[in-house]
Amino acid sequence: MKNTRSTQDYVNLDKQLLWHPYTSMSQPTPHYLVEKADGCQITLSDGRTLVDGMSSWWSVIHGYNHPTINAAIEKQITQFSHVMFGGFTHKPAIELAEKLINITHRDLQRVFFSDSGSVSVEVALKMAIQYWNTQGKAEKQFFITPKSGYHGDTFAAMSVCDPENGMHNLFSDALTQQFFVSPPPTGFDEPVKTDYLNEIRRSFQQNHQRIAGFIIEPVVQNAGGMRFYNPAYLNRIRELCDEFDILLIFDEIATGFGRTGKLFATDHTDICPDIMCVGKALTGGYMTLAATLTNDRVALGISHEGGVFMHGPTFMGNPLACSAANASLTLLSQYEIPKKISQLENWMKETLAQCEALEQVQDVRCLGGIGVVELKNAVNLHQIQPKFVELGVWVRPFGKLIYLMPPYVISKDQIQKLGNAIYKVASEL
Ligand code: PMP
């Protein structure tokens with residue numbers, strides 16, 4: 001039977017049936033029906049095309065519909081799309097684990113695959129608690145984390161997100177009460193402030209007996225405000241963690257795979273976390289997959305006397321997702337990351353600089369593949385989203401932040417189009 005539904009029919013059905021991220025069922029925000037996406041361009045079903053400035057929440061780093069990743073998935077699908085990971089294993093997962101271990105710090109040697117960034121954070125927190133349990137320190141059940149952090153939407157992940165920024169405070173009574181310190185002082189090149197490290201030291205001193213780990217987004221606090229900070233803080237935090245028997249957990253879900261100008265944000269430091277989460281761009285944004293990496297100390301500690309790690313999702317190590325990730329990492333290894341991303345950074349700096357003159361703008365900053373225009377006031381997303389679409393770009397601001405995290409394969413012209421659209425929309429606020 002011929003499908004006679006119009007674009008409007010689909011949009012109406014969507015409104016009636018579907019929840020979208022952080023939206024209301026009674027007052028839904030507009031959602032645009034996508035027909036196809038290719039390279040850095042998204043085509044809507046009404047024929048309009050948009051230059052993508054978001055990489056679909058920072059994941060589609062090689063652009064859409066990439067022939068290499070398509071081919072990898074197609075090849076795998078003819079073999080098998082999924083098998084349970086309990087009792088079975090497969091080459092895509094083994095090869096991906098090997099690749100991840102080869103491109104991350106040499107101390108990270110063991111990999112746990114899960115379905116999403118939030119779940120990989122749950123896994124990291126559970127690893128830390130289980131590790132201390134086997135060390136005879138079962139009272140180490142809590143975490144310290146800086147405010148303005150974001151680690152996901154599941155319960156344990158929410159408990160280590162910023163406690164006040166509104167995203168999760170509705171649930172605060174239902175969450176484990178964790179320990180918070182101030183966010184790292186901003187500025188990638190700003191000198192380290194000893195006061196800040198002293199604050200962390202005090203919190204460690206007071207609470208370390210109950211603390212399993214310190215969790216932080218390295219170098220950039222992303223959804224909590226696109227805040228860049230000096231990586232040297234992380235070197236010092238590592239020392240403090242060692243001094244007070246606290247595991248260091250890096251959430252590289254947003255920063256991993258080149259976004260900050262190095263392959264991992266950790267590579268801006270001299271140190272290695274005990275546990276590291278990756279997700280988002282892992283599969284080149286093709287499908288959901290995340291990994292929690294750890295060192296031998298934690299992995300073998302948990303496994304002391306044959307102890308098992310208590311987690312095992314149904315779709316653990318999904319072969320299609322692993323194949324996409326393997327292809328994505330092969331593509332990534334063909335770029336010269338620092339060079340490619342610093343070119344992207346320069347293009348964004350050039351075009352976003354025009355926004356500095358606007359009275360509506362508080363700050364313009366770029367780091368690697370992240371370009372941020374921070375406004376003085378929060379934007380009304382309902383009002384400004386259609387304006388970006390009219391200008392032929394896909395930019396989705398939040399709070400006071402209009403930002404770009406484009407695919408790495410974007411052209412200079414496309415970046416300029418994005419920058420000009422941001423300038424125009426911001427100037428009309
Ligand atoms: N950690 C960080 C740093 C993130 O940016 C996000 C997602 N924005 C998450 C965790 C959660 O990942 P997911 O949405 O895949 O669950």
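Me: How many bridges join β4 to β12, and do they run parallel or antiparallel?
Reply: Six bridges join β4 to β12, residues 290-295, and the two strands run antiparallel. Bear in mind that this is a predicted model.

Me: Which residue is the bridge partner of Leu-108 in β12?
Reply: Asn-295 is the partner of Leu-108.

Me: OK, zoom out. What is the strand order in the open sheet of seven strands?
Reply: The order is β4-β12-β11-β10-β7-β5-β6. Pairing in this sheet is mixed.

Me: Which strands stand at the edges there?
Reply: β4 (108-114) and β6 (179-181). Each has a single partner strand, so one side of each lacks a neighbour in the sheet.

Me: And what does the twist average?
Reply: From one strand to the next, the twist averages 20°.

Me: Which strands does helix α5 touch?
Reply: Helix α5, residues 117-134, packs on the sheet and touches β4, β5 (142-146), β7 (211-216), β10 (247-251), β11 (275-278) and β12. Its direction makes about 25° with that of β12.

Me: What about helix α7, where does that lie?
Reply: Helix α7 covers residues 194-207 and lies across β5, β6 and β7. It runs at about 165° to β6.

Me: Switching to the ligand. Which residues are around it?
Reply: Trp-58, Ser-116, Gly-117, Ser-118, Tyr-150, His-151, Gly-152, Glu-217, Asp-251, Ile-253, Ala-254 and Lys-280.

Me: How does that shell split by class?
Reply: Four residues are nonpolar, five are polar and three are charged.

Me: Where are the ligand's oxygen atoms relative to Gly-117 and Ser-118?
Reply: An oxygen atom of the ligand is 2.9 Å from a polar backbone atom of Gly-117.

Me: How much of the ligand does the protein bury?
Reply: The protein buries 82% of the 390 Å² that the ligand exposes when taken alone.

Me: New topic, the sheet of four strands. What is its order?
Reply: β1-β2-β3-β15, an open sheet with mixed pairing. At the edges stand β1 (34-38) and β15 (393-394); each has a single partner strand, so one side of each has no neighbour in the sheet.

Me: Do β3 and β15 run parallel or antiparallel?
Reply: Parallel, with two bridges joining β3 (residues 49-52) to β15. Asp-52 stands opposite Trp-394 in β15.

Me: And how is β2 joined to β3?
Reply: Three bridges join β2 (residues 41-44) to β3, and these run antiparallel. Ile-42 stands opposite Leu-50 in β3.

Me: What about the turn, how many residues lie between β2 and β3?
Reply: Four, in a hairpin. Gly-47 in the turn has a positive phi of about 95°.

Definitions and conventions: Residues are numbered from 1 along each chain as its sequence is written. This is a predicted model: local features need pLDDT of at least 70, side-chain atom pairs count only at pLDDT 80 or more; totals for chains, interfaces and linings use all residues. Side-chain values use heavy atoms; hydrogens and water are left out. Two strands pair if DSSP finds at least two bridges between them. Axes are lines fitted to C-alpha atoms, for helices over the stretch in contact, and angles run from 0 to 180 degrees between N-to-C directions. Contact means heavy atoms within 4.5 Å. A residue is near a molecule or strand if one of its heavy atoms lies within 4 Å of it. A polar contact is a pair of N or O atoms within 3.5 Å; within protein, one must be able to donate a hydrogen and the other to accept it, and residues adjacent in sequence count only if both atoms are side-chain atoms. Accessible areas come from the Shrake-Rupley method with a 1.4 Å probe; for residues, only the protein chains shown count as cover. Ala, Val, Leu, Ile, Met, Phe, Trp, Tyr, Cys and Pro count as nonpolar, Asp, Glu, Lys and Arg as charged, and the others, Gly among them, as polar.
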